[in-house]
Amino acid sequence: MKIFKTKKNLNSYLSLFDKNISVGFIPTMGAIHNGHLKLVQTSKNECDKTICSIFINPTQFDNSEDFHNYPKTFNEDIKKLKESKCDIVYAPNVLDLYKKNEKAKKYNFRKIDLFMEGKFRKNHFNGVATIIEKLFKIIEPNKAYFGEKDIQQLQIIKNLVNQINSKTTIVGVPTVREKNGLAMSSRNKLLSNKEKEKAAMIYRCLNYCKKNRLQPISKLKEYIIEKFKKTKELDLEYIEFVSLNSMLPIKNWGEEKNNVVCIAAHIKKVRLIDNIIL
Ligand code: AMP
C-alpha cells in the first residue's frame with residue numbers, strides 16, 4: 001500500500017496509471033472502522049485501484065471542541081487499510097489542501113441542506129463539499145463511495161457532482177452496524193461499552209418505525225420523542241421523516257424505499273446520527 005502526504009507526490013504516482021484503469025475513492029476522516037472498510041471492499045470489487053483519504057477537514061466542523069476531540073488513530077488506520085488491501089492512502093496536512101485562513105466555498109444545494117445536519121450544523125455541508133471538490137479535482141476518481149449512514153451528505157455529494165460537472169459516479173453503501181444495532185462511527189470510540197448499549201436505542205427507534213410503517217408519521221414521531229424524554233442519558237436533537245431524494249420533511253409516507261427516518265442525538269458530549277430508509 002502506497003501512502004502519500006502531498007497532492008504533488010500523489011499526482012505524480014497517479015499520472016503513471018494507464019488511462020483504462022478504473023479508480024475508486026473513499027474519503028474519510030480516519031479512525032477507521034468496519035463501516036469505512038465496507039466502502040473500501042465495495043470499491044475493490046468494482047474498481048482496479050482503490051484510494052482512501054484520511055483528512056480531518058476543519059471547514060466542516062461548526063464546533064471547535066468537536067474538531068479537537070475527534071479521534072485520531074493514524075497508525076491503526078494504516079494497519080487496517082493495509083489488511084483490507086487498499087492500494088493507496090492520501091493523508092495530507094491542512095496546508096496541502098487549504099491556503100492559510102481559507103474558508104469553505106458557498107454552494108447552492110437546492111434545499112437538500114435546509115433541515116437536519118444542514119440546519120443544526122451551520123455551514124457543515126459547505127465545508128464537506130469544499131473538501132470533496134478539492135479531493136475529486138486531485139484524484140479524478142471514476143467512482144467515489146459514501147455511506148448511507150450519512151444519508152443527507154450522500155445526497156449533497158450527488159448534487160455537488162452535478163454542480164461542478166464532475167464525471168465521478170457516486171455510490172451509496174448501506175450502513176454497517178454493531179451487533180446491538182448501533183451504527184458504526186468514529187465517534188463511538190469516545191463512548192464506554194455501557195454508553196454504546198444506551199446509544200443502541202437510536203437504532204431500536206428506527207426499527208420501531210420500520211415495524212410500524214403503517215402508522216401515521218406524526219404518531220411515530222411523538223412515540224420516539226417520548227421515548228427519548230424518558231431516557232436521561234440520551235438527548236434527542238432531531239427526529240425527521242424526509243423524502244429520500246429531496247431530504248425535505250414529509251407528513252405522509254411516500255412510495256416504499258423513498259422515505260428516510262433520521263435521528264441525531266447526544267450522549268454525553270458525543271453527537272451521533274443514524275437513519276433508516278423505508
Ligand atoms: P467519516 O470518516 O465519518 O467522514 O466517514 C467516511 C465515510 O464512511 C462516509 O462516507 C461515511 O458515510 C462512511 N461511513 C461512516 N460510518 C459508516 C457506517 N457505519 N457504515 C457505512 N458507511 C459509513
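This is a predicted model: local features need pLDDT of at least 70, side-chain atom pairs count only at pLDDT 80 or more; totals for chains, interfaces and linings use all residues.
Biologist: Let's start with the whole chain. What makes the chain as compact as a globular protein of its length?

Modeller: First, its secondary structure comes to 11 helices and nine strands. The radius of gyration is 19 Å, and the globule rule gives 19 Å for 278 residues, so the chain is as compact as a globular protein of that length. Along its principal axes, the C-alpha trace spans about 60 × 40 × 40 Å.

Biologist: And how much of the chain is buried?

Modeller: Buried residues make up 52% of the 278. Being buried takes a relative accessible area under 20%.

Biologist: On to charges. Why is the pair Lys-143 and Glu-46 called a salt bridge?

Modeller: The cut-off is 4 Å between a side-chain nitrogen of Lys or Arg and a carboxyl oxygen of Asp or Glu. In this pair the closest N and O atoms are 3.0 Å apart, so the pair is within the cut-off. Lys-143 lies in strand E5 and Glu-46 in helix H2, so the bridge ties together parts that are 97 residues apart in sequence.

Biologist: Why are Lys-143 and Glu-46 called partly exposed?

Modeller: Partly exposed is the range between under 20% (buried) and over 50% (exposed). Lys-143 has 25% relative accessibility, so it counts as partly exposed. Glu-46 has 38%, so it gets that label as well.

Biologist: How do you know that Arg-271 and Glu-117 form a salt bridge?

Modeller: Their closest N and O atoms are 2.8 Å apart, which is within the 4 Å limit. The pair links distant parts of the chain, with Arg-271 in strand E9 and Glu-117 in helix H6, 154 residues apart. Arg-271 has a relative accessible area of 14%, so it is buried. Glu-117 is at 6%, so it is buried too.

Biologist: What separates Glu-133 and Lys-137 in helix H7?

Modeller: They are four residues apart in the helix, so about one helical turn separates them. An α-helix has 3.6 residues a turn, so residues three or four places apart point the same way. The side chains of Glu-133 and Lys-137 meet in a salt bridge, at 2.6 Å from N to O.

Biologist: Is each of them buried or exposed?

Modeller: Glu-133 has 7% relative accessibility, so it counts as buried. Lys-137 has 54%, so it counts as exposed.

Biologist: How many salt bridges does the structure hold?

Modeller: There are 18. Asp-62, Asp-66, Arg-121 and Arg-187 are linked in a network of them.

Biologist: Which parts of the chain do the buried residues of helix H10 pack against?

Modeller: They pack against helices H9 and H11 and strands E7, E8 and E9. The buried residues of H10 include Met-201, Tyr-203 and Leu-206.

Biologist: One last residue. Why is Glu-240 called buried?

Modeller: Glu-240 has 14% relative accessibility, which is under the 20% cut-off, so it counts as buried. Glu-240 sits in strand E7. Leaving out residues up to four places away in sequence, Glu-240 touches several others, including Phe-115, Lys-221 and Val-261.

Definitions and conventions
Residues are numbered from 1 along each chain as its sequence is written. Side-chain values use heavy atoms; hydrogens and water are left out. Helices (H or I, at least four residues) and strands (E, at least two) are DSSP runs, numbered from the N terminus. Buried means under 20% relative accessible area, exposed over 50%, partly exposed in between (1.4 Å probe, protein chains only). The radius of gyration is taken over C-alpha atoms; the globule rule is 2.2 Å times the number of residues to the power 0.38. Contact means heavy atoms within 4.5 Å.
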